[in-house]
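Hi,

Here is the structure I promised to pass on.

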Amino acid sequence: MEKAHWENPQQIKEQFGSASILKGGRVVFNIGGNKYRLVLAMDYRRQACYVKFVGTHRQYDAIDAEIM
């Protein structure tokens with residue numbers, strides 16, 4: 001992430017094809033063979049990301065990643 005320079009969600013999808021782009025600048029990454037999920041809030045202008053959630057796939061299913 002420190003070396004990445006993403007200006008839009010499409011660039012993330014190009015690099016991480018399994019990433020899911022959500023509303024509100026959220027991006028979901030599958031980790032460990034889809035056992036875990038990482039939700040980031042992206043700020044493309046500042047080139048920053050904020051961790052909104054890290055947990056198991058089951059825990060992820062219990063949240064609304066678009067509003068957290």
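**Contacts and overall build**

Of the contacts in the protein with a separation of 6 or more, 24% are between residues 24 or more positions apart. Please keep in mind that this is a predicted model.

On the overall layout, the protein has two helices and four strands, and along the sequence they come in the pattern α-β-β-β-β-α. The C-alpha trace spans about 30 × 25 × 20 Å along its principal axes. The radius of gyration is 12 Å, which agrees with the value near 11 Å that a compact globule of 68 residues would have. Buried residues make up 26% of those 68 residues.

As for the surface, the protein exposes about 4800 Å², and 50% of that comes from carbon and sulfur atoms. You'll find 10 positive and 7 negative side chains, with the centres of the two sets 5 Å apart.

Now the sheet. The four strands form an open sheet in the order β1-β2-β3-β4, with antiparallel pairing. β1 (20-21) and β4 are the edge strands, each pairing on one side only. Starting at the β1 end, β1 pairs with β2 (residues 26-31) over two bridges, in the antiparallel sense.

Methionine 42 stands opposite cysteine 49 in β4. The hairpin of β3 and β4 has four residues between the strands, and glutamine 47 there takes a positive phi near 55°.

Is phenylalanine 53 buried or exposed? Its relative accessible area is 13%, and the cut-off for buried is under 20%, so phenylalanine 53 counts as buried. Leaving out residues up to four places away in sequence, phenylalanine 53 touches Arg37, Leu38, Val39, Gln59, Tyr60, Ile63 and Met68. Tryptophan 6 sits 47 residues from phenylalanine 53 along the chain, and the C-alpha atoms of the two are separated by 20 Å.

That's what I have for now.

Cheers

Conventions: Residues numbered from 1 in each chain as written. Predicted model: local features only at pLDDT ≥ 70, side-chain atom pairs only at ≥ 80, totals over all residues. Heavy atoms only, no water. Pairing = 2+ DSSP bridges. Rg over C-alpha atoms; globule rule 2.2 N^0.38 Å. Buried < 20%, exposed > 50% of the residue type's maximum accessible area, 1.4 Å probe, protein only. Contact = heavy atoms within 4.5 Å. Areas by Shrake-Rupley, 256 points an atom, 1.4 Å probe, with all protein chains shown as cover. Lys, Arg positive; Asp, Glu negative; His and termini not counted. Charge placed at Lys NZ, Arg CZ, Asp CG, Glu CD.
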